[in-house]
Amino acid sequence: MIKHQGGCHCEAIRFKTEFDPMLVMQCNCIPCRRLMGSINVAAAFVEHEIEITGQCKEYTYIGGSGMPFHKGFCENCGQYVYSKPTAMEGVITIHVGAFDDPHKFEPKIEIFTDRKLKWVKDDGCIISSFEEAATLERVQAMMENMEQRG
């Protein structure tokens, strides 16, 4: 049963999953902000839990953690759909704006708060904030959420 689905703006790329995310996080780092045009909110899954159809092109750069980051985007419309952080091998994050129903996803963790835009406010959904990448803390949060996933 498909639980969540979405795709790029022109729908040349589509994705679907039967799982809830392990974690939804907000990234305030400068590379994400420049690439996404704003802050980045993404839902983390185990890579094999997401089925992607269509041809994505990947852009690789050094992320805020200092490690390579791979972002998949549509060659036609240019929308970024997913990220694969080298720091968390086997994890794929889907940009919340790419879901057909993004209202289902609220960030619980935010990272790079030392780079956060002053006008970005939390409505109470964030339970943990970190000034830097907090890779170990994010992995721990994902592991704790594994049992609660549907």
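A disulfide is a pair of cysteine sulfur atoms within 2.5 Å. This structure holds zero of them. It is a predicted model, in which local features need pLDDT of at least 70, side-chain atom pairs count only at pLDDT 80 or more, and totals for chains, interfaces and linings use all residues. Residues are numbered from 1 along each chain as its sequence is written, and side-chain values use heavy atoms, without hydrogens or water.

Start with the cysteines. The closest cysteine sulfur to that of Cys32 belongs to Cys29, at 3.7 Å, too far for a bond. Cys77 is in no disulfide either; its nearest cysteine sulfur, in Cys74, is 3.8 Å away. Burial can be compared with cut-offs: buried is under 20% relative accessible area, exposed over 50%, partly exposed in between (1.4 Å probe, protein chains only). Cys32 is buried at 3%. Cys77 is partly exposed at 30%.

Next, the interior. A nonpolar core is a set of buried Ala, Val, Leu, Ile, Met, Phe, Trp, Tyr and Cys residues joined through side-chain atoms within 4.5 Å. The largest has 17 residues, and Phe15, Phe45, Ile94 and Phe99 touch the most other members. Strands β4 (40-46), β8 (80-85) and β9 (91-95) each supply at least two of its residues. Strands here are DSSP runs (E, at least two residues), numbered from the N terminus. A second, separate core has 14 residues, including Met22, Cys32, Ile109 and Ile111.

Finally, a loop. Glu11 lies between β1 (4-7) and β2 (14-17). Glu11 is exposed, at 51% relative accessible area. Glu11 and Gly54 are 43 residues apart in sequence, and their C-alpha atoms are 8.7 Å apart in space.

Key:
Helices (H or I, at least four residues) and strands (E, at least two) are DSSP runs, numbered from the N terminus.
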